[in-house]
Amino acid sequence: MGELDWTSIPGALPFLWAGMVTTLEITLLAVLVGIVWGTLLAIMRMSGVKLLSWFAAGYVNLFRSIPLVMVLLWFFLIVPALLESLFNTPRSADTRLSSAMVAFALFEAAYYSEIIRAGIQSVAKGQLGAASALGLTYAQAMTMVILPQAFRNMVPLLLTQGIILFQDTSLVYVSSLADFFGAAYKVGDRDGRLVEMLLFAGAVYFLICFSASLLVRRFQKKVAT
Amino acid sequence: MIAIKNVSKHYGSFQVLSECSTQVAKGEVIVVCGPSGSGKSTLIKCVNGLEPFQSGEIIVNGISVGDPKTNLPKLRAHVGMVFQNFELFPHMSVTDNLALAQVKVLGRSREEAVQRGHQLLERVGLLAQAEKFPGQLSGGQQQRVAIARALSMDPICMLFDEPTSALDPEMVKEVLDVMVGLAQEGMTMMVVTHEMGFARRVAHRVIFMDQGRIVEDAPKEDFFGAPRSERAQLFLSKILQH
Ligand SMILES: Nc1ncnc2c1ncn2[C@@H]1O[C@H](COP(=O)(O)OP(=O)(O)O)[C@@H](O)[C@H]1O
Ligand SMILES: [Mg+2]
């Protein structure tokens, strides 16, 4: 192994940036859909309606017991076929990005639903009684009284889960989709500077995630006081 | 106004309420007392359907609470309830605590709801605190806001579950004063409390509960004169000591 040579990095920046945009797109969409679907799963799980709570519990346990990379692979295989049959998209169309988004969103929802369920349970039980006693329906009490308090308590955990997801998106390399990690790998391979490129990519991941968790921690302290 | 007929409730094999019957006429003030765990909270929460019960019947203003066809939110909108731990919504200002259900349940405009809320805050002496959050208020102030919040729905009757037992002693009076005022205006009230001074001043009847049963249900004069059951005598002598 020769000397490290960083000179290929500046030229690669536009390509790396495009990869970062893909990474951020997947992360953001998965966080948003994951939180919405996760909230619904959490409510189903606690609804007391047997069918719904079984479904939600089954869903959560299933996704939490399968390696993420396998879920991703399945979706890369299944979603194109599904899209083809539903919308007649040509088989050649590049559905890797949408497959990745769907897979991450559904997978993350399982984790988010557990965080959200704990958050809902952390809101004092009397609050639901008080809201109901005023004549609010269960749905109104949930959306106006319970969930706002639950989410306020949960923000640090939700953000931390988002940071983990940001790193996990690198697993899309199994579909050779050029996210930030994939882009770094490709360009490093092309220029014969794989080691430098992967060290650089690692440093970027570290910087972003570490500063994000510092922000979360500071926010957590502010909320606690 | 409220009729409770042979109401029983159990958790598994544990009987929380057995064959409870009583009624509250319009304008009447009923005090419910009894040892901790005797089922007072459970009984009062059955009245607005916050707790389900397995047998018997409760009729509030002509509507059967236990009937599965009854629209409970609609019924509850007109039955005010005040809790031991206040249960104000901590993420909303005092004004919004009072406005929320008026707007969402009664369909009042926001201006109307805020105006009605402020009228009631003035009545409980807390208009100056309208823009604060519950966490910034003392326990006594929070409970007065909670009473104002219940009144903002123009209830036909009010249920209180130990409204002063979570308060520091010096704050009990400010809450009781509001409740006495309500009673004197003719509000129909069912009050779980151990404040016998309050019972003596405004109650029409006193109910004594023990182990899920209504043991005594007597006019105030009779109850304080000479309660019939030994349990009630013992209970009274204990709580009157301090
Ligand atoms: N969800 C529950 N499951 C089992 N037992 C309960 C439940 N809620 C209340 N209880 C029991 O019911 C009894 C009556 O409770 P409660 O109505 O709160 O009494 P009180 O208000 O008179 O102190 C208590 O013994 C309590 O432990
Ligand atoms: Mg109680």
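## Ser229 of chain B and its surroundings

In this predicted model, B:S229 touches B:F208, B:V215 and B:E216, when residues up to four places away in sequence are left out of the count. The residue sits in the loop of chain B that runs between α8 (220–225) and α9 (230–241), and with a relative accessible area of 15% B:S229 is buried, since the cut-off for that class is under 20%. A polar atom of the B:S229 side chain lies 3.2 Å from the backbone nitrogen of B:A232.

## His118 of chain B

Helix α4 (residues 110–123) of chain B contains B:H118, which counts as partly exposed at a relative accessibility of 23%. Not counting residues up to four places away in sequence, B:H118 touches B:T95, B:L127, B:A130 and B:E131. The C-alpha atoms of B:H118 and B:S93 are separated by 12 Å, and these two residues are 25 residues apart along the chain.

The buried residues of α1(B) are B:K40, B:T42, B:L43, B:I44, B:C46 and B:V47. Just after α1(B) comes B:G49, which takes a positive phi of about 75°.

Where in chain B is B:N61 found? This residue belongs to the loop between β4 (55–60) and β5 (63–64) of chain B, and B:N61 has a positive phi of about 55° although it is not a glycine. With a relative accessible area of 47%, B:N61 is partly exposed.

B:F86 likewise is not a glycine and has a positive phi, in this case of about 65°. The loop that holds B:F86 runs between β6 (79–82) and α3 (94–104) of chain B, and B:F86 is buried, with a relative accessible area of 12%.

## Chain A as a whole

Chain A has 8 helices and 0 strands, and, read along the sequence, its pattern is α-α-α-α-α-α-α-α. The C-alpha trace of chain A spans about 70 × 50 × 25 Å along its principal axes. Of the 225 residues in chain A, 42% are buried. Among the contacts in chain A between residues at least 6 apart in sequence, 77% join residues that are at least 24 apart.

## How two helices of chain A pack

Two packed helices are described by the angle between their axes together with the distance between those axes. In chain A, helix α1 (residues 9–46) and helix α4 (residues 96–122) pack at an angle of about 45°, and their axes are 5 Å apart. That angle makes α1(A) oblique to α4(A), because angles under 35 degrees would count as roughly parallel and those from 65 to 115 as roughly perpendicular.

The crossing of α1(A) and α4(A) is right-handed.

Technical notes. Residues numbered from 1 in each chain as written. Chains lettered and ligands numbered in written order. Predicted model: local features only at pLDDT ≥ 70, side-chain atom pairs only at ≥ 80, totals over all residues. Heavy atoms only, no water. Axes fitted to C-alpha atoms, helices over the stretch in contact; angles between N-to-C directions. Helix = DSSP H or I, 4+ residues; strand = E, 2+ residues; numbered from the N terminus. Parallel < 35°, antiparallel > 145°, perpendicular 65-115°, else oblique. Left-handed = near helix turned anticlockwise from the far one by under 90°. Buried < 20%, exposed > 50% of the residue type's maximum accessible area, 1.4 Å probe, protein only. Polar contact = N/O pair within 3.5 Å; in protein donor to acceptor, adjacent residues only side chain to side chain. Contact = heavy atoms within 4.5 Å.
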